[in-house]
Amino acid sequence: GSDNGSDNGGEARRKKKPVNSSRFRQHVNPLASRYQQPRVPSPSVDTSWLTSNLSSPSNPYHLDIGCAKGTFCLSMSPLNPSVNYLGLEIRDPVVEYALDRRNRRKLDNCHFVSCNANVDLERVLEGIDAVGGVLKTVTIQFPDPHFKEKHKKRRVVVPELVRLIGESMEKEEGLVYLASDVKEVLDEMREEFNNCDMFEDTVEGDGYLEENVNEVPTERELSVLKDDKPVWRASFRLRR
């Protein structure tokens with residue numbers, strides 16, 4: 001067809017196109033006021049964001065913090081149908097894209113929530129508890145490194161986040177898995193978990209996990225390994 005129609009026609013055509021996943025903004029400032037507003041309702045008000053999106057909301061949960069386009073959760077959920085995979089991502093258009101992918105695959109144990117983990121994690125965890133679920137595993141993989149010194153305060157793993165995970169996680173089998181292709185970022189996340197007396201590092205001393213403990217690597221991990229670059233990994237259990 002010709003593109004000589006009115007501007008409005010062009011606008012309508014553009015709107016109908018599927019989301020182009022390569023054009024998402026890579027970085028946002030989580031400290032901006034728009035990302036500091038709570039996005040997840042208190043469970044005393046509403047748990048339908050879980051109950052209407054998961055067929056068995058009381059099953060155990062895997063939480064993927066900073067899930068990006070959702071590939072990890074979308075790949076893991078068919079392998080473990082009795083686990084609910086919940087991805088948190090700060091960028092709204094990316095969450096819409098992940099939800100569209102989930103819906104096309106007709107997955108009923110996978111959901112994505114648009115929120116800032118440092119603002120909404122407590123309500124997310126309270127929601128899981130309110131529907132009878134338990135937090136079993138957490139992944140924080142390849143978070144935004146926020147390289148500039150002045151941006152480091154934007155990093156996602158802060159003491160409050162670590163404490164909330166520790167207080168909610170299932171005692172016997174709970175596991176937190178961390179990964180980054182930036183050693184400093186992994187080391188800082190690891191330090192936050194080591195500073196919390198609820199967690200113990202699964203690797204003694206200064207070593208790193210050699211292997212990914214998950215059945216599926218993230219898209220980012222695959223691209224890093226393809227470039228022959230290292231991935232730094234650590235994992236934590238709750239102290240018995």
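Begin with the aromatic rings: the structure, a predicted model, holds three aromatic pairs. Rings of Phe, Tyr and Trp (its six-membered ring) pair if their centres lie within 6.5 Å; planes under 30 degrees apart count as stacked, over 60 as edge-to-face and the rest as tilted. Select Phe193 and Phe199: their ring centres are 5.1 Å apart and the planes stand at 80°, so this pair is edge-to-face. Phe193 has 0% relative accessibility and therefore counts as buried (buried means under 20% relative accessible area, exposed over 50%, partly exposed in between, with a 1.4 Å probe and protein chains only). Phe199, with a relative accessible area of 0%, is buried.

Next, select Tyr208 and Trp232. They form an edge-to-face aromatic pair, 5.1 Å centre to centre with 65° between the planes. Tyr208 lies in the loop between strand 6 (199-201) and helix 8 (219-226), and Trp232 in strand 7 (residues 232-238), so the pair ties together parts that are 24 residues apart in sequence. Helices (H or I, at least four residues) and strands (E, at least two) are DSSP runs, numbered from the N terminus. Tyr208 is partly exposed at a relative accessible area of 22%, and Trp232 is partly exposed at 23%.

Lys183 lies over the face of Trp232, at 5.8 Å from the ring centre. The charged end of Arg190 sits over the ring of Tyr208, 5.1 Å from its centre. A charge sits over a ring if NZ of Lys or CZ of Arg is within 6 Å of the ring centre and within 35 degrees of the ring normal.

Stay on Arg190. Which helix holds Arg190? Arg190 lies in helix 7 (residues 183-194), and at 7% relative accessibility it counts as buried. Not counting residues up to four places away in sequence, Arg190 touches several others, including Asp201, Asp206, Tyr208 and Phe236; contact means heavy atoms within 4.5 Å.

Now select helix 5 (residues 117-130) and helix 6 (residues 159-168). They pack at an angle of about 10°, with their axes 10 Å apart. Axes are lines fitted to C-alpha atoms, for helices over the stretch in contact, and angles run from 0 to 180 degrees between N-to-C directions. That angle makes helix 5 roughly parallel to helix 6 (angles under 35 degrees count as roughly parallel, over 145 as roughly antiparallel, 65 to 115 as roughly perpendicular and the rest as oblique). Show the side chains where they meet: among them are Leu121 and Leu125 in helix 5, and Leu161 and Ile165 in helix 6.

Move to Asn84, in strand 2 (residues 84-89). Asn84 is buried, with a relative accessible area of 1%. Its contacts, leaving aside neighbours within four places in sequence, include Leu54, Tyr61, His62 and Asn109. Select Lys136 as well: the C-alpha atoms of Asn84 and Lys136 are separated by 9.8 Å, and the two residues are 52 apart along the chain.

Finally, zoom out. The chain has eight helices and seven strands, and buried residues make up 46% of its 240 residues.

Residues are numbered from 1 along each chain as its sequence is written, and side-chain values use heavy atoms, with hydrogens and water left out. In this predicted model local features need pLDDT of at least 70 and side-chain atom pairs count only at pLDDT 80 or more, while totals for chains, interfaces and linings use all residues.
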